[in-house]
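Here are some friendly notes to read beside the model. Please keep the structure open while you go through the points.

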Amino acid sequence: MSDVPAVKAALKSQAVETPSWAYGNSGTRFKVFAQPGVPRSPQEKLDDAAQVHAATGVAPTVALHIPWDTVEDYGALAKYAEERGLKLGAINSNVFQDDDYKLGSVTHPDPAVRRKALGHLLECVDIMDATGSRDLKLWFSDGTNYPGQDDIAARQDRLAEALSAVYERLGEDQRMLLEYKFFEPAFYTTDVPDWGTAYAHCLKLGPKAQVCVDTGHHAPGTNIEFIVALLLREKKLGAFDFNSRFYADDDLMVGAADPFQLFRIMYEVVRGGGLTSGVAFMLDQCHNIEPKIPAIIRSVMNVQEATAKALLVDRDALATAQREGDVLGANAVLMDAYNTDVRPLLAEVREESGIAPDPMAAYRASGWAERIVAERVGGEQAGWGA
């Protein structure tokens, strides 16, 4: 059996980073449904994030997206976060919403466009210096739609050149997290389509470059836990972007489509030492039809529940069954942990940490939802591009 005190200690030390953009109006490319009480500034996003942390106890950092979260004084924004019990987390670059990037950003055939994109990436490192952020997260929509549109290998050369320049600019305690997506918006070739491409670039760059696994960015049937296990083994797993998807997009709440998959992923994280090796557990979600703050709280809870189940796996029994070739016995060990109701355990962990046992109920009782609807009247709501 698992050591329950050790499981509790691991759960208390877990941290899940929430994304600033999830608090704003965001959703699919077809329609964004505005909600009352949505933040109008990065500061108000942090106010909402503080409510998530207060309810869950494990969401102490907030990722920023530039230029969506542009402010005049990033040091002041970091202080604002600190006053609310938070820290600023990963800085996410944006080289996909400018008209100049129609044919790519850092892989664009025009050197002037490439210079513009690289300048933005270097600006993001400057922002990291001001906020004290450890991680720069890079996702590129770059790719092609038609055979012959551009030289595939040349685009990889351009990508490598840009990544190298950014890598050289990083401070000693800063990291580059390279994310991948196998298609969309590019439909013929995507310049960073899979973990292998991201891994190859990171391996060449050095130890400060690691792969970010977005759990929604895979073809149907992909064994994501295998990717996680391999990257952990190679010490190249830097972060997760947790989310979920049923078909092609990836912005649903983590664990919504396949909670068993999330458990399997988290078991490999536990097995590979990922809970203590600096892997960043970040949400990357957009909440279009559901209330935003409760959806983020529920998402954090989903990660906690999957982690708790993964920690409860009887690894001695599993190892014995694996050595003996007991196929069904080994599978049963995993299934026993997955089928455990961990909600009472997590309620105990929260109470021992001095917070309410039910985060959703605690948020409802706080009155924050009603307060922000009443107070956030006027101004421009934050959202994609704002």
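1. Let me start with burial: 53% of the 386 residues in the protein chain are buried, where buried means under 20% relative accessible area, exposed over 50% and partly exposed in between, with a 1.4 Å probe and protein chains only. Please bear in mind that this is a predicted model, in which local features need pLDDT of at least 70 and side-chain atom pairs count only at pLDDT 80 or more, while totals for chains, interfaces and linings use all residues. Residues are numbered from 1 along each chain as its sequence is written, and side-chain values use heavy atoms, with hydrogens and water left out.

2. On the overall fold, the protein chain has 14 helices and ten strands (DSSP runs numbered from the N terminus: H or I of at least four residues for helices, E of at least two for strands). Its radius of gyration is 21 Å, close to the 21 Å that the globule rule gives for 386 residues, so the chain is as compact as a globular protein of that length. That radius is taken over C-alpha atoms, and the rule is 2.2 Å times the number of residues to the power 0.38. Among contacts (heavy atoms within 4.5 Å) between residues at least 6 apart in sequence, 78% join residues at least 24 apart.

3. The largest nonpolar core has 96 residues, of which Phe-140, Met-176, Val-213, Phe-240 and Phe-242 touch the most other members. Such a core is a set of buried Ala, Val, Leu, Ile, Met, Phe, Trp, Tyr and Cys residues joined through side-chain atoms within 4.5 Å. Helix H9 (residues 292-311) contributes the largest share of this core, ten residues. Another core of ten residues lies apart from it, with Trp-21, Leu-177, Ala-280 and Cys-286 among them.

4. One joins Ile-66 and Pro-67, with omega about 20 degrees, and Pro-67 lies in the loop between strand S2 (61-65) and helix H3 (74-83). Another joins Glu-184 and Pro-185, with omega about 10 degrees; Pro-185 is in the loop between strand S6 (175-179) and strand S7 (189-190).

5. Which residues other than glycine have a positive phi? Glu-184 has phi near 75 degrees and is buried, with a relative accessible area of 12%. Lys-235, with phi of about 60 degrees, is in the loop between helix H7 (224-233) and strand S9 (237-242) and counts as exposed at 67% relative accessibility.

6. Finally, the open space. The largest pocket holds about 790 Å³, and the closest to its centre of its 36 lining residues are Phe-96, Trp-139, Ser-141, Lys-181 and Pro-185. Here a 1 Å grid over the protein atoms alone is used: a pocket is an open set with protein on both sides within 12 Å along at least five of seven lines, a cavity is a set of points where a 1.4 Å probe fits but cannot get out, and lining residues have an atom within 4 Å of a point. Grid points are joined across faces, edges and corners, and a volume is the space filled by probe spheres set on the points.

7. The search of the whole structure finds one cavity of 30 Å³ or more. The largest cavity contains about 70 Å³ of space, and its lining includes Thr-215 and Val-254, two residues that Phe-242 also touches.

Definitions and conventions
Lists of a residue's contacts leave out its neighbours within four places in sequence.
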